[in-house]
Every structure is written in C-alpha cells, then in structure tokens.
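Please walk through this structure piece by piece.

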Amino acid sequence: MEGNGSLIGEIGLYALILALVFSLVQGTLPMVGTHYGVGAWIAVARPAALGQFIFITLAFSMLMLGYIVSDFSIENVALNSHTDKPMLYKISGVWGNHEGSLILWIFILALFGLSVALFGSNLPPTLRARVLAVQGLISFGFLLFTITTSNPFTLLNPPPLQGLGLNPLLQDPGLAFHPPFLYLGYVGFSMAFSFAIAALIEGRVEPAWARWVRPWTLAAWCSLTVGIALGSWWAYYELGWGGWWFWDPVENASFMPWLAGTALLHSAIVVEKRDALKSWTVLLAILTFSLSLLGAFLVRSGVLTSVHAFATDPQRGVFILALLVIVIGGSLVLYAWRAPALKSGGYFSPLSREGGLILNNLLLITACATVLIGTLYPLFLDVITGGESKVSVGPPYFTNTFIPIMLPLVVAVAIGPMLSWKRADLYGALSRLRLALAVALLVVIIGWYTIENGSFLSLCGLSLAAWLFVGALVDLGERLKIGRVGLGAVWRRVIAQPRATYGMTAAHMGLALTIFGIVASTSWETERLQVMRPGQTADIAGYALLFVGVKDVGGPNYNSVRATFEVSREGAYIATLQPEVRTFTDPPMQTTEAAIRPTITADLYAVVGDPDGQGGWATRIYHKPFVHWIWFGAAVMAGGGLISLSDKRLRVGAPGRRKFNRRRAKVTAA
Amino acid sequence: MTRKNRRLIFLLAGFSALTIAAVLVLSAFEESLVFFYSPTDVIAQELRSDVPIRLGGLVEDGSVSRASDGLTTTFQVTDMREVISVTYTGLLPDLFREGQGVVVEGHLGTDGVFVANEVLAKHDETYMPPEVADALKKSGQWKGTVP
C-alpha cells in the first residue's frame, strides 16, 4: 500500500509540473507567433492545449485515486479523508479543500482550452491561437500558484494509519456538486475573457466573435446559476438556520460574476445581431472574469469574516492578489489602449431593443457595483485605518441598495423583448402588455383583501412577479401570433421559432418564479422557538407538531440524537419530521440536520437543539410559504439557458450571419 | 436624433443610475455598518448601549450556563485581558464551544451585559475569525501558528 501510495503522489506532482510547462508554451509561443506571423509557432497552440489537458487530467485522476484508495501518504488525503467515509464523499472530498479545489479549477480551465483547440476550426487561425494563448497564461498562473503554495501532492513519511476526515457539513449531496458547478461557471467566463483579450490584440470585434462568445458565456452562466442555487439550497437545509441567503462575502463572491455574466449575456446579443456595443461587451467580458477571480481571492484568502469561511492561509491570499492585479490591471490597460480601435456600427435610437438591453446592462452593473462596495468596504476600512476599525456590512445594506435597483429592471424585463430593433414603439409594446398589467393590478387588489398580514411592499413584490411571468408569456404569444392567425399557422410558427426565444421566455419566467418565492417566503414566514417535553404540541400556521421524543441512533460515521415530531392539521395526521443532531468523531464536530417537509405551497422546517437538563429540548420550527420556488425558479432559469444553448444559431460552428437572417426573414413573412 | 444626442442620452442615463446608486449606498451604509470590538475596546470606550455592534473573543472555559427557560444561554467572551458577559436566546450554532473563538452581534445593555441577537456560526473547527485573531494578538495572547 505504502509503496503504491507515494507513487500516486509522485505521478500526480510530475503531471502537474509537465502541465505547467505545457501551459507556458501554450501561453507564449502562439502569442509571439501571431505577432510575427510564424506559422509553426501558431500551430503549437493546439497540441499544447491538448498536452496541458492530458497532464492536468492525469494529476486530477491521481488525486482522486488517492482519495478513493485512501492513500494517507498524500498529506491532502490524510487531512481531508477517512476510510469510513462513504464513497461519494471520498470523491467530493477531492474538491472539498483548498488544494483539491484548485486542481478542479485548473482541470476545468484546461477542458475549456481543449474544446477551443478541438472545435474551433471555423475560427480565424490567429484568433484561435491568441484565445488559446490567453487561456494558457491563465492556466500557467494558477498552476504556478498551486505548485508553489498549495501542492496537493505533498507526501507524508511515514503515512498515518487513518485520515482526519472531511468536515461533516460538506458530507452532503448538495454540496458535493456545488463546487464543480460554481467552478464551471467561474472558469467558463475565462473563455469570454480570452476572446475579449484576443479581440483587443487583433483590434477587431465581429458578429462572428459574439457568436463564439455567447454560447460559452451562456454555458458558464447556466452552471453558475445552478451552482449558486445549490449552495443556497444547501445553506437552507444543512445549516439549520432556515435562511437561504445571507449576503455573506462568500455568497457575494459568486453572485457578482453572475450579475456581470447576465449583463454580458445580454450585451453579446447586441454585438451579434446589430454589430454595436462592441467595446462595452469586451469590457464586460473582462469585468466578469475579473469578478470571478476576485471571488476566488475573497474565498481563498480569508481576508473577510464570513459565516461560510473555512480555515485559510493569508500567504496564499498575497499570491492570488498578485495574480488578480496582473490579470485585471493588465487587461484593463490593454483595454484602455486598444478599445478605441473597436468601431461600432449599427445606429439605434435609445428607445429600441438595443436601448432596452443597455438599460438591462446599466442596472445589472450598478447593482453589481453596490454589492461589490458592500463586500469590499470592510476590507477597505481595515486597510486605511491600519486595522484599527473593523466593521461588517449587514444584510440591510444589501437589501436597501440591491432591491431598489432591481425593481426597475424587473419592470423592464417584460417590456424589453417586445421592443423592436433600431427604433421601437413603447406605447405599442405597453398596450400589448395590457394583460400582464391587468394581472399585476389584480394581484395587488386581491392580495389586499385576502392576505391578512401582507405589507404593501410584499404585495408589490408579488405583483411584480406576476407582471414578469405573464409578460414573458404575452411576448411569446405575440411572437407566435396566437389569436391573430389560424391554429395551423400558429403551429408552424411554434416550430419555426428559434429555440433561443423559448430559452429567453423560460429564463424570464424562472426569474419571476424566484422573485415570487423570495417575496412570499420572507413576507409570510412564521417561526416558533420553544422548549418542548415529549407529549407537548407546538402550533404553527394551522399545523400542530406533537413532540414524540428523542432517540439515539447510529450512522455510518457519526452518532445521532434524533427527535420525532408528528405533524397534524385539524386532527388529521400528515407527516413525521425527524430532525437530528449528529456528532461526528473524525473530525470531532456536531452538525444540525433540519427536518423539512417541502410542499408546493410551503415548507415545514424543524430543528432540535440542546436538552434543558429537565427532560425538555430546545426546538425551533419554521413555516415558510413557497420557499422552494426560489430554487425551482433558478432551475427554470438555467433550463432556459440550456434551451437557448441548443439553438442552431448558437451552436459552435454556426452558419454565417447572413444565412439565418434570411431564414428569419422568411419566418416573419409567413 | 443625431449620434451626439444619443450618446448624451446614454451618458445621462448612466450618470443618473450612478447618482441614485450612490445615494442608496450612502444612506444604507449609515444604518448597516456594524463595528467590531474586543472586550477590551468595549470596556475602554464606554460604548453607547443602543447601537448594534459585534463583539469577538474566546468563549471562556466553564462560563457557559443555561437559564431555566432552556433557551437562554449566558457565557463570557474574553480577549484574555477583559471579560464581557453575553446572553443569547435561541439555538446556538454547532461549533459554539468553550475555549473557541466566537463573534456575537447585538448591543451592550445598560447593566453591562451584552445582549446578542446573533451568534455567528462557522463551518470549520479550526477556523478563527480574523477579527478575533487580531483582538487576541493585540492583547498579546495569540498562540496560533499563522502570523
């Protein structure tokens, strides 16, 4: 075992170093080659990307193998794994720690590089070489960081007989897949970044460029949406506080790239369709990836106090900070120097689809900026006062700045798609949205008379969700000409409609569902905190929860105290809830497992705490209306993105612009 | 509409969005900034009692006790120089333990007892909030390995 063990670690480290060499070659030779027109050097880009990918995959597999066979001669495995751990968490343990998560990050980076190398045959060769070179340089930075400060293959001699185990909070299916999705998102934005840098060096942005950037951005955006939703869902059921979003630095770190990425997604449409907003889109691509890097820095350096923080090492922070400064500073300087060369065509009036998309960008970026200020302010104050003044920015800051900026955006989301390109008729768009307006008003009126404890603001929130939901449907109906042409003609339009249209409708409807879930669950949530003895009943929102008692039970790698509640409504039994307090031995740690009964209309959420020493137990019960709609809406948004991604026009290697314009013209004429 | 006019409209829109955002940010900051203090700071600065603050330090060994209602916990937070009593009603986070670092948010009562409305949870048993580490370094009690 031991002999094999060190072999796994050694192969892994060699593979990492070889990957570093390949990434350096990939990052330099093609870049120089394109400048001086050396064909052989340009041609190096693709094999180098392939080589880098092979060796990263080897290193990643070796680390995973180390976890699977519990090879404790690798320090990383010994610190984070344990033979008793279920297989799923042995594997997810690979990225449940700093070093392993970096390897995952680089693996995804190399995967994206490989796909450009393999599928980029319709890109101009110099553009492709430059994109690959920029990807290579990013890889090089991260590989150097990994090998010098965070080597996952450090060996232990003699190896310990048993590992320390994985943090039990991370032993959860939701969190096992949270980092890979998040990283696919973060790293996916590196593609948009590399294309932006390559375009700046070339001094040219063409619609073909946007046709390449958009699917990558879309794919990254979908993954990030899923990743953020998984993280928030995990916080909801695993942390036992009943909350799902805390405006915590670590959460903001993933939310900022999402906001910027959403803006990028929309502005890339304008570049593609209208050949305008070029330099702004390039800037957005740079900003989005910069925010991803900033996120990595905030999470990994431990400079901010976070409720989600794990133990961190400040020395690593300095390296990432340096990387951050080089990447962001360098790309912004390049932008300042080269962006004036990007000439935009496509004249449009402020009141047009383009204008609507600019409004979308303006509001998203402003919202992103307020989140950024709130997240970094404590750091800023700490630095200028020399550590004398420590401060935290509470959730009220974020709700008071973010929501007022989002409100007009949500109103506009329903209107934007109804506007035509170039010059639009706002009155016409609004009159076509009269159904959505009527439903939105109806929601306020009905809510006012039927919902007892509804504040005016929460009613407005509900009404806004209804406006957006119906508005998205009305827009789709307009495009299909429902009610204006015969059924057969509508059906033909249903088939002829580009998938991106359905994707957009789904994504906007998903946003409406998420808003509905957020408004309903925060406005009408009820909470009960009490000490209960067996036989006692707690009443919440029309439900009665009978506390049956507490039992000790064993799990695979923990012991658990399990409480039992019998839930009934008007005397009729409905369900049994069994929250637990688990005590793990490796590492020694307690976790609270909430018991949740999710339904479409509301969740019942029960947590058991400590005994009071007199036969009673502290218990906390929540009733959260429509809370699952938050994540359901996010899933619908990501699904919309995927539908859009399957659109023929966005397929990598899509036909030229002219071709599908002609087809569109045919559709419109029909 | 000329190109120049259009640019002017977009500039104005951008400028007004920024202005509104700046106003929102400044007004929200006023009520959402929560300052962090160590027990020594709290005693030295005679803080106003109605302002919410964060207090951080170590939970003193043997200081945790539970009131008869079964929900209220009192404990002492120390930076090894001064000690502040804290009371909290609710379920404590999983990693709350004697001898460990803790950050609580709430306000200082007139009787000198800190009433916490939130005990900040951590995810990791080896994690020390940076503020607590700093507070301990300041009082010369830092024993950690990280400089």
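Strand 9 of chain A and strand 10 of chain A form a hairpin, with three residues between them. Strands here are DSSP E runs of at least two residues, and helices are H or I runs of at least four, both numbered from the N terminus. Strand 9 covers residues 595-598 and strand 10 covers residues 602-611; the two run antiparallel and are joined by four bridges. Pairing requires at least two DSSP bridges between the strands. A:P598 has A:D603 of strand 10 as its bridge partner.

This is a predicted model: local features need pLDDT of at least 70, side-chain atom pairs count only at pLDDT 80 or more, and totals for chains, interfaces and linings use all residues. Residues are numbered from 1 along each chain as its sequence is written, while chains are lettered from A and ligands numbered from 1 in the order in which they are written.

Now the helices of chain A. Helix 3 (residues 45-68) and helix 6 (residues 98-119) of chain A cross at roughly 150°, and their axes come within 9 Å. Axes are lines fitted to C-alpha atoms, for helices over the stretch in contact, and angles run from 0 to 180 degrees between N-to-C directions. Helix 3 and helix 6 of chain A are therefore roughly antiparallel. That label applies to angles over 145 degrees. The residues of their contact divide into 14 nonpolar, four polar and one charged. Nonpolar means Ala, Val, Leu, Ile, Met, Phe, Trp, Tyr, Cys and Pro; charged means Asp, Glu, Lys and Arg; the others, Gly among them, are polar.

Further along, helix 10 (residues 207-238) and helix 11 (residues 249-274) of chain A pack at about 155°, with axes 9 Å apart. That angle makes helix 10 of chain A roughly antiparallel to helix 11 of chain A. Their contact residues comprise 15 nonpolar, seven polar and three charged.

A:I201 sits in helix 9 (residues 178-202) of chain A. A:I201 is partly exposed, because 18 other C-beta atoms lie within 10 Å. The cut-offs, for C-beta atoms placed from the backbone, are 20 or more others within 10 Å for buried, 12 or fewer for exposed, and in between for partly exposed. From A:I201 to A:I56 is 145 residues in sequence and 28 Å in space, C-alpha to C-alpha.

Chain B has three helices and seven strands. Its pattern along the sequence is α-β-α-β-β-β-β-β-β-α. Of its 147 residues, 35% count as buried.

Definitions and conventions
Angles under 35 degrees count as roughly parallel, over 145 as roughly antiparallel, 65 to 115 as roughly perpendicular and the rest as oblique.
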